[in-house]
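Visitor: I have a structure open on my screen and I'd like to learn how to read it. Could you walk me through it?

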Amino acid sequence: MAKIVVLGAGIAGHTTSTYLRKWLGKKHEVIVVSPNSKYQWVPSNIWVGVGRMKPEEVYFDLEPKYKKWGIDFKQAKATSIYPEGGSGHEKPFVKIEYVGQGKAGETEEVEYDFLVNATGPQLRFDKTEGLGPQNGNTVSVCSFDHAAHAWAELQKSIKKMEAGEKQDIVIGIGHPGATCQGAAFEYVLNVYHEIDRRGLSDLANITYITNEYEVGDFAMGGAYIKYGGYITPTKVFTESFFAEREILWIKRAGVYKVEKDKIHYENLKGEYKEIHYDFAMLIPAFSGPGIKAFDKQGEDITPKLFKPNGFMVVDADYTKKPYEEWKASDWPEVVQNPDYKNIFAPGIAFAPPHTISKPFTTPNGTTIVPAPPRTGMPSGVMGKIVAQNIRDVIKGKATLDKLKHKASMAKMGAACIVSAGYGMTNGMAATMTVFPIVQNWEKYPEFGRSLTYTMGEPGLAGHWLKWFMHYMFLHKAKGYPFWWLLPE
Ligand SMILES: Cc1cc2nc3c(=O)[nH]c(=O)nc-3n(C[C@H](O)[C@H](O)[C@H](O)COP(=O)(O)OP(=O)(O)OC[C@H]3O[C@@H](n4cnc5c(N)ncnc54)[C@H](O)[C@@H]3O)c2cc1C
């Protein structure tokens with residue numbers, strides 16, 4: 001009998017645990033530990049943030065589902081890992097602290113044979129002074145409750161515009177090293193759409209602020225896409241979206257402080273600047289969850305499992321080297337910890353070997369570069385191959401030293417639909433595919449990616465597709481009939 005503990009019930013963790021439950025007999029245990037009692041389809045939070053969806057349309061309760069499927073759910077957060085056992089345990093174990101189920105504050109030591117760390121990002125508003133909805137001045141769309149709050153705040157600005165008052169709206173990235181530019185881009189376009197359809201665009205001064213070197217970098221060094229028969233850089237594709245809507249943009253900006261009505265940022269020349277706002281949504285820096293690790297003797301071995309940013313060490317090449325020497329092969333294939341091979345980290349939880357975009361440093365020593373994105377599709381694909389590999393090892397078809405299923409971001413493509421406004425007849429989205437996600441200059445020397453599979457197309461059909469995907473992915477996550485046939 002094998003015991004698999006999955007930390008996290010987001011896109012990666014939920015994918016791993018549901019496939020494992022489907023493929024493994026009941027004699028094997030699947031345990032999910034997650035502090036959030038709900039599964040949320042994060043991409044649709046954008047629509048919650050503009051009032052087009054209610055929060056309850058993007059989430060569902062995990063416990064009843066898991067109970068039905070035979071997955072043991074613990075509403076708790078992992079705090080430390082003991083990969084060699086110890087403290088009276090023969091087997092490795094993970095220490096967890098409950099936050100719900102009537103046991104808040106209680107701790108438990110959960111033994112495992114395989115551990116899947118799919119803890120995603122911690123939203124580090126604290127890394128930028130004055131940022132965030134709790135202790136700061138800005139809103140967020142990173143979770144359904146944040147997005148509902150963002151909509152409440154946006155309505156206040158809309159009301160003021162309806163009364164004839166001009167509003168400065170700033171949307172973008174709230175830290176020099178933050179990622180998730182796609183979400184910020186999507187939100188600024190949706191906010192514009194909502195303002196415009198109310199006939200208020202003349203009263204809104206909308207600015208997109210980003211740490212990207214060029215807009216359209218999307219934390220993957222930009223891309224050349226086939227668009228309308230032409231090879232177009234995503235810079236031009238993105239700028240044309242902004243220009244058509246009279247959205248201004250500030251690029252190469254490292255936001256370091258937010259006051260009640262002012263955002264402070266440093267640019268690549270090392271100048272310190274500020275911009276006024278009435279409504280601001282800025283994405284924070286991400287980190288891992290700060291889980292510690294200890295050996296059998298109780299010695300701290302956290303660096304063996306985690307990088308200083310809290311993300312997990314996996315089968316990547318972490319050797320420090322200049323941008324010009326970065327290679328596709330630096331990227332992990334099986335997201336497996338090299339020291340403790342029964343530990344995996346799919347999704348945002350793994351530590352990338354380096355950024356994808358070229359880093360730049362200001363004369364003041366601030367590095368301004370987006371962290372690499374690990375979006376929904378690769379997170380789901382990694383979650384699935386981790387489940388396949390664990391299944392194969394349990395069934396004796398593979399060993400932990402020779403895993404068969406691979407999912408390197410430098411060998412897989414991703415499809416992304418950037419919503420540019422909700423509406424069945426007047427909606428709009430930009431559908432983009434890139435292959436591979438991380439450029440492979442050896443294989444594709446000209447553009448770093450295959451032009452056959454890297455393309456983009458704006459239009460109403462994209463909105464329908466994004467809307468359909470909301471229902472399709474929730475159908476899959478809820479385990480409705482034939483869920484496993486749907487792609488990640
Ligand atoms: C607003 C927004 C819009 C987006 N839109 C898109 C899009 O259109 N397309 C796309 O492909 N991607 C999109 N993304 C990115 C996508 O949401 C992420 O790539 C994806 O959620 C990552 O999956 P994950 O499982 O790694 O992390 P998550 O989905 O964040 O899941 C992490 C899980 O770990 C749990 N957890 C946290 N700490 C602990 C702990 N200590 N112990 C145990 N569990 C823990 C959390 O509660 C959660 O259940 C968007 C992101 C945002 C913020």
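Predicted model: local features only at pLDDT ≥ 70, side-chain atom pairs only at ≥ 80, totals over all residues.

Visitor: Sheets first, then. What is the strand order in the open sheet of five strands?

Guide: Here's the general idea: strands of a sheet pair through backbone hydrogen bonds, either parallel or antiparallel. Strands here are DSSP runs of E with at least two residues, helices are runs of H or I with at least four, and both are numbered from the N terminus. Two strands pair if DSSP finds at least two bridges between them. In this model, the open sheet of five strands runs β5-β2-β1-β9-β22, with parallel pairing. Its edge strands, β5 (72-74) and β22 (343-344), each pair on one side only. Inside it, β1 (residues 3-7) and β2 (residues 29-33) are parallel partners over five bridges, and Lys-3 has Glu-29 in β2 as its bridge partner.

Visitor: And which strands stand at the edges of the sheet of four strands?

Guide: That open sheet has the order β8-β7-β6-β21 and mixed pairing. β8 (107-111) and β21 (292-293) stand at the edges with a single partner strand each, so one side of each has no neighbour in the sheet. For an antiparallel pair, look at β6 and β7 (residues 93-98), joined over six bridges; there, Tyr-82 has Phe-93 in β7 as its bridge partner.

Visitor: In the hairpin of β13 and β14, which residue takes a positive phi?

Guide: Gly-228 does, near 60°, in a hairpin with two residues between the strands. β13 (residues 224-227) and β14 (residues 230-233) pair in the antiparallel sense over four bridges, with Pro-233 in β14 as the bridge partner of Tyr-224.

Visitor: How many residues does the largest nonpolar core have?

Guide: In soluble globular proteins, nonpolar side chains tend to be buried together. A residue is buried if 20 or more other C-beta atoms lie within 10 Å of its own, exposed if 12 or fewer, and partly exposed in between, with C-beta atoms placed from the backbone. A nonpolar core is a set of buried Ala, Val, Leu, Ile, Met, Phe, Trp, Tyr and Cys residues joined through C-beta atoms within 7 Å. The largest one here has 149 residues, and Val-5, Val-188, Val-191 and Met-312 have the most contacts inside it. Helix α5 gives the most to this core, with nine residues.

Visitor: Is α5 mostly covered or uncovered?

Guide: Mostly covered: 15 of its 17 residues are buried. Helix α5 (residues 181-197) reaches 24 Å from its first C-alpha to its last, close to the 24 Å expected at 1.5 Å a residue; the expected span is 1.5 Å times one less than the number of residues. After α5 comes Gly-199, with a positive phi near 70°.

Visitor: Which residues of α9 are buried?

Guide: They are Gly-462, His-463, Lys-466, Trp-467, Phe-473, Lys-476 and Ala-477. Just after α9, Gly-479 takes a positive phi of about 70°.

Visitor: Last one: how many residues surround the ligand?

Guide: There are 35, the closest being Gly-8, Gly-10, Gly-120, Gly-347 and Gly-376. A residue counts as near a molecule if its C-beta atom, placed from the backbone, lies within 6 Å of it. The elements giving two or more residues to this shell are α1 (11-23), α2 (45-48), β6 (76-82) and α8 (376-394).

How values were computed: Residues numbered from 1 in each chain as written.
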